[in-house]
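Please look through the sequence and the structure shown here before reading on. The paragraphs that follow lead from one part of the model to the next.

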Amino acid sequence: MTTRRALLAQLPAAAVAANLALRARHVLAADKSVTVGIDVPLTGSDAENAILIKNGAMIAVDDANASGGVAGYHIDVMVLDDGTTTAGQYDPAQAAINARKFVSDPNVVAAIGPEMSGCGKAMAPILSQGNLATITPSSTNPDITDPKFAPQFRPAGKAIYFRTVTTDAYQGPDMANYFAQTLKVQKIYILDDGGAYGVGMANAFEEQAKRDGLTVLGHDQLDPREADYTTILTKIKAIGPEALYYGGTSLAGIKLVKQSYEVLPQIIKAGGDGVYSAALVKGAGFPAMEGWYATIAAPYIAENPDVAPWIERYRAKFGQGPTSYSFTAYDGMLVILDAIKRVADAGQPVNHDTVRDAIQSANLKTLQGTVSFDENGDIKNRIVSVFQCHQNEKYPVDDVLHQFKYLGVAPEIT
Amino acid sequence: MAEKDLTERPLGMLGASYAWIRGASPIQWIAPHMRSPASIGFLVAAALLFPIISRNDANIDSMANALSYAALALGLNIVVGFAGLLDLGYAAFFAIGAYTYGAFASYQIEPAWSGFWEPFQWLDLVARVHDPGGDLVHFQVSFWLMLPVSAAVAAFFGVLFGAPTLRLKGDYLAIVTLGFGEIVPIVARNWPSVTNGAMGLNGVAAPQLFGWSFGIGATPYYYVGVALVALLIFTSLRLKSSRIGRAWMAIREDEIAAAAMGVNRVKFKLLAFAIGAGFAGATGTFFVAKLQTATPEMFMFPVSVMILVMIVFGGIGSVWGVVLGAMILQVLQSWILEDLSQWLHALGRLIHIHWLQQVELAQSIELIFGLILVTMMLYRREGLIPATRRVQGLTLAQQTAHVGSGGSAGNPDRLAALLAPDRVPDGPLLDISGLTVRFGGLVALRQVALTVPAGSVVAVIGPNGSGKSTLFNAMTGLVPADEGTLRFAGGNIARLPPHAVLERGIARTFQNLRLFPSLTVLENVMIGMHARLATGAVGALLRLPGTRREEEAARERAMAILEIFGNRLVPRAEHTVASLSYANRRRVEIARALASQPKLLLLDEPTAGMNPAETIELAGQIKGLHQLGLAILLIEHKLDVVVNLAQNVVVLDHGEKIAEGTPDVVRRDEEVIRAYLGRSASVGSAAIA
Amino acid sequence: MMNEYTVLLQQVINGLSLGAMYSLLALGFTLVYGILELINFAHFNVFMVASFIGMWALEALGISGQSVILTGLPLVGALVFAFIVTMTLAGVLGVVIERLALRPMRGVRGTAAMITTIGVGYILFNIILLAVGADSKNYPNPMPNVDWDLGGATLRLREVLIWTIAVVLMVGLHLFVTRTRLGKAMRATAQDAEAARMMGIDVDRVIVTAFFLGSALAGAAALIFGLYYNYTSFIIGYSAGLRAFTAAVLGGIGSVAGAMLGGVIIGLIESLGGQLLAVRWTDVIIFSILVLVLVFAPSGLLGRAAPNKS
């Protein structure tokens, strides 16, 4: 009993010593460094996209560090997981803890993330209190940057929730305009996947569709855990709309695409940026995916000549193709790095306050074009791009850039 | 209170680690009677000083979450641990508490302004908000007010969801609660006007104290969490050691026996659901006030399972155990595994192993939960800190003591005061006529008539299967009577539930012993007194002088009743009945029945399984009870006991009364002999003593 | 174009296919409950694991995705192979679970055994999640895409497959339970384990058989699931499990015929309920049926009266 107890007593001491040793080595390595946080749900059903975001951001960091850092500062990255297995996906409570970790670490000057708006709602007040800016590449719920909710989400007043993607207030409605004006459909049926993002998209789409004079024949909800959607698809088939709009992610999306191919092969099918997803295309496959419309809340980037080599590098480095969030994450990180550089060049100390101000005044050319933010933190460029999925056998099936054909910009809402 | 003293328990590896963590060595420096206060003092100091020591906002937030889960674990412990009702949908009450606060403290619900709201505005519960479309009402009810209000709302739903489960057995009850647990988040998702649906609440208000808003920093919330958990621990402990707690544990151990001893099962099960749900409702309010948002996904089945794992791990039924279990698992999840993963990443970078850098231990927390559930159930069902206390060994003197039959001979006046029935009516005490009980096609009792005069002993005999126990069951409401009248002490007892029959003054023992196995002898006996005590939940909580006096008096009475059986039970008063010998368990059952101050005592084969010496002893004790004025209805097979004790004997065969009279008359009766032996008297009369 | 009758016909076809799957799952569940009076939460994750086993079995034959189509004898051969492998391994998994986690719990009062099955279910669920990830996997399916038109409604080959296999298995189970010695032993044990033991029946063996058969049926249901929906993922146990469980309870827990009947009813409720109301309420409807049956009619449609454990 004494020996066992003595051994047990030594364990914590050993752990502490090892911990300190590792940290010490790390601290000695760099002269000057700053830390950028990355908060994504690496656990649960959103893990796919989380990794793609992280990878996109990491390319920018690795590029910067490889060329000697930014204004002499080495960029460290603190990746925190805001998904928990109990929630099975993103968890706002965990995101709140992560935000506190960022804020209380003096080395952290800015962050990328979160992926999901539910986490954003929990993080925003904390970030505002700590005056730490975060740039989200994919959180599209408009409430967080809505001035109406400013007392709740940014109690300290300044914008801290920046986006390199435009919100659901535009993506869904612009697509409704596209339906009305370009596709000229009249009768539609709407489905969502019950999640925060999907419901937001579908509802915004529905409101605008009605304003555009379209007939919404119904709006029902899929359960992502359920396997069989033939019931609702059969019902839709009997009702006979010309088009189907889906707000949601690939969890329900894959099954929907597959099963609607069998039950409703002829009608027009569309979705938001949840459809423009490598996981969805890979999971549903062709011919089921053929013809699906998708939108992304960003300008079309493939026209940018820098993009193709970037994709090559991404694929070489991570073994899989990027998706739209990878670009927006990369862009966000570029903005942060640029902000750090401008602060350092101006002779100011590099901390979260100065970096936030620099981000606010950003005007930077990135993969998606010029990025700048309005006073709420939203990206000024509100372009929504429309794509259609056509099988391109020359490229791997999860290469969204090549499996989706760019059709143009969706008509903006007035 | 001996829960905390673990140093002498047989310890496995887990227990040894725990003892070490708890500072087994330092604790031995403190004198035994100071150990409990010292431990509590240490814990309180640690809890209060933690934010000052840690200074890390994220860690403090983590601990605040851990405290929330500890509070939830305490609530579920009341339902599952105390009352034995497996609730698999507990997260529903957490959700109800959260959304109730959210409804009244956010911008979610904004009805149009009208004069109706003015008094509320004056009370500062709502504010008038200007809006281009017409003024609106903004709810801003204070967090401190909402804590008890949400608890009450959740308690209401606890009763609502619990009511359908009252008659279900354990696993069906679990499934129904699981069903409700699933329905609540679905409703939350599909009721956007109140909950903002899947997108989650926006801007739930932070608590305010004297005009100062809590804001974002985790520290004030942490202290509120500590206060909440302390309050809930206090409540749990007070309830556990009160009449309420005993009633719950009786229900958990043996529901039928509990009812037969006067516990109103419906009332207490619903009370357990209500209080358990109330805990969760208050915690939901706290959690959401801290997070300032809520989404339906935060309240689904995995959360219910997580709380269950916490209490299984910590020790079902043990208040400190479940708190410890919750804290350990939550800290493991959000802190230790995270840090361990970062440490492994650093190690991976150091020694250039790629997969180490990718490992995320936090992702396997649910796998760990599953493993904990299975291993705890298989190997240590009582959890880290078991709820049942350890048994103090008997001293050598006690073990080798002469058996003194004590009791009646010792202090007849005192016993008379304890047990003698207060008011004895004229006429027969018990009057049954035409009693018929059918089980499907089988007629168990047919037109049975029976009277027991006040203060007499009547024996019921008959071959096996003649319906004797069914008679008792019909009398005590455990089995419905199809026909017949049952009158007792001038009142009708025909359709009464078992606990009401006990209240009227009939107490029984069971043929196959129905004690409460993991409770002590003393607790078993005190449950017998349940119907004669008056302490309710509030009284148990506050422990006013009246309640304390009642408890002490009850304890004394229980000990006095145990003394009837000499030194057989008294030294074993704090032992669990499962550890007693068979004969002693029979005695405890009788003691328990006596504790309810019955007018009529129903003994179902009280001497079954006893050897001749024990039989004689018990018969003597029963006679003593009779001499105090108790009426006794006795089922017995041992005819010498019957002859010794009974004034009147009723013989049943195949559900019918075939003979009645004094013992001498009955045992010579032709019918009786034929019933027992299958042949007529002339052939086998010598067989009966 | 579909008129209101053909759409109902189509929904009935859909519902019967769903029902066939739920029946198979419910059967496995009810077999165990009939004998042990234990609600086995792990059953539905055995189903999920079995679907992956089936996937790997088919991939071992060289079939991947829906691109490799077989007909005639090779098709039958491939399917038979896959079914045998999946059902056997699923049965073995069930037996292993019984041996390691449930046998030590036999005789323990209360809900401890059920809690253990929750733990086992969690373990299976998370092992698969950690091993293969959260995304859906495309299921290898060699069946050709044949369908028949019934006046506007479509009947597909895979639906016929499901019904055929389900009926064959159910008839097989029925024959086993009524005609073989072991089957008779199972029925006897389900009625009174004590008496069965005293009549010389090896109750342990009966229990192992029940677990094996039940899990094998879940394996069949899992393979059918994969072939029908062309996908599998770590989460399929949840939703199918809930519905199969309700089916077993509705039909009468412990009754084989009840499980079959309950499965069909729940399948039809799901499809017709979705058609006539909205699919977003399906879960609520199913849960409500579960609660109502348990509270007001616990013996279900065909079951014996639920024995009172207390």
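**Helices, sheets and contacts**

In chain B, residues B:Ala91, B:Ala92, B:Ala95, B:Ile96 and B:Tyr99 of helix α5(B) meet B:Phe180, B:Gly181, B:Val184, B:Pro185 and B:Ala188 of helix α8(B), where two residues are in contact if their C-beta atoms, placed from the backbone, lie within 7 Å. Helices (H or I, at least four residues) and strands (E, at least two) are DSSP runs, numbered from the N terminus. By class, this contact of α5(B) with α8(B) has nine nonpolar, one polar and no charged residues, with Ala, Val, Leu, Ile, Met, Phe, Trp, Tyr, Cys and Pro counted as nonpolar, Asp, Glu, Lys and Arg as charged, and the others, Gly among them, as polar.

This is a predicted model, in which local features need pLDDT of at least 70 and side-chain atom pairs count only at pLDDT 80 or more, while totals for chains, interfaces and linings use all residues. Residues are numbered from 1 along each chain as its sequence is written, and chains are lettered from A and ligands numbered from 1 in the order in which they are written.

The axes of α5 (residues 91–104) and α8 (residues 170–189) of chain B come within 8 Å and cross at roughly 30 degrees, axes being lines fitted to C-alpha atoms, for helices over the stretch in contact, with angles from 0 to 180 degrees between N-to-C directions. That makes α5(B) roughly parallel to α8(B), a term for angles under 35 degrees, whereas those over 145 count as roughly antiparallel, 65 to 115 as roughly perpendicular and the rest as oblique.

Chain B also holds an open sheet of six strands with mixed pairing, in the order β10-β11-β12-β7-β13-β14; two strands pair if DSSP finds at least two bridges between them. Its edge strands, β10 (506–508) and β14 (656–661) of chain B, each pair on one side only, and the twist averages 20 degrees from one strand to the next. Within this sheet, β7 (residues 457–461) and β12 (residues 631–635) of chain B run parallel and are joined by four bridges, and B:Ala459 has B:Leu634 in β12(B) as its bridge partner. Elsewhere in chain B, β5 (residues 428–439) and β6 (residues 442–453) pair in the antiparallel sense over eight bridges. These two strands, β5(B) and β6(B), form a hairpin with two residues between them, and B:Gly440 in the turn has a positive phi of about 65 degrees.

Turning to chain A, we find an open sheet of five strands in the order β2-β1-β5-β6-β7, with parallel pairing. Strands β2 (74–81) and β7 (161–163) of chain A stand at the edges with a single partner strand each, so one side of each is left without a neighbour in the sheet. The twist here averages 25 degrees from one strand to the next. Helix α2 (residues 47–66) of chain A packs on the sheet, touching β1 (33–40), β2 and β5 (108–112) of chain A, and its direction makes about 170 degrees with that of β2(A). Helix α3(A) lies across β1, β2 and β5 of chain A, running at about 175 degrees to β1(A).

How do the chains meet? The contact between chains A and B takes 38 residues from chain A and 37 residues from chain B. Helix α3(A) gives the most to the side of chain A that touches chain B, with nine residues. Another contact takes 28 residues from chain C and 25 residues from chain A, and the largest share of the side of chain C that touches chain A, five residues, comes from α1(C).
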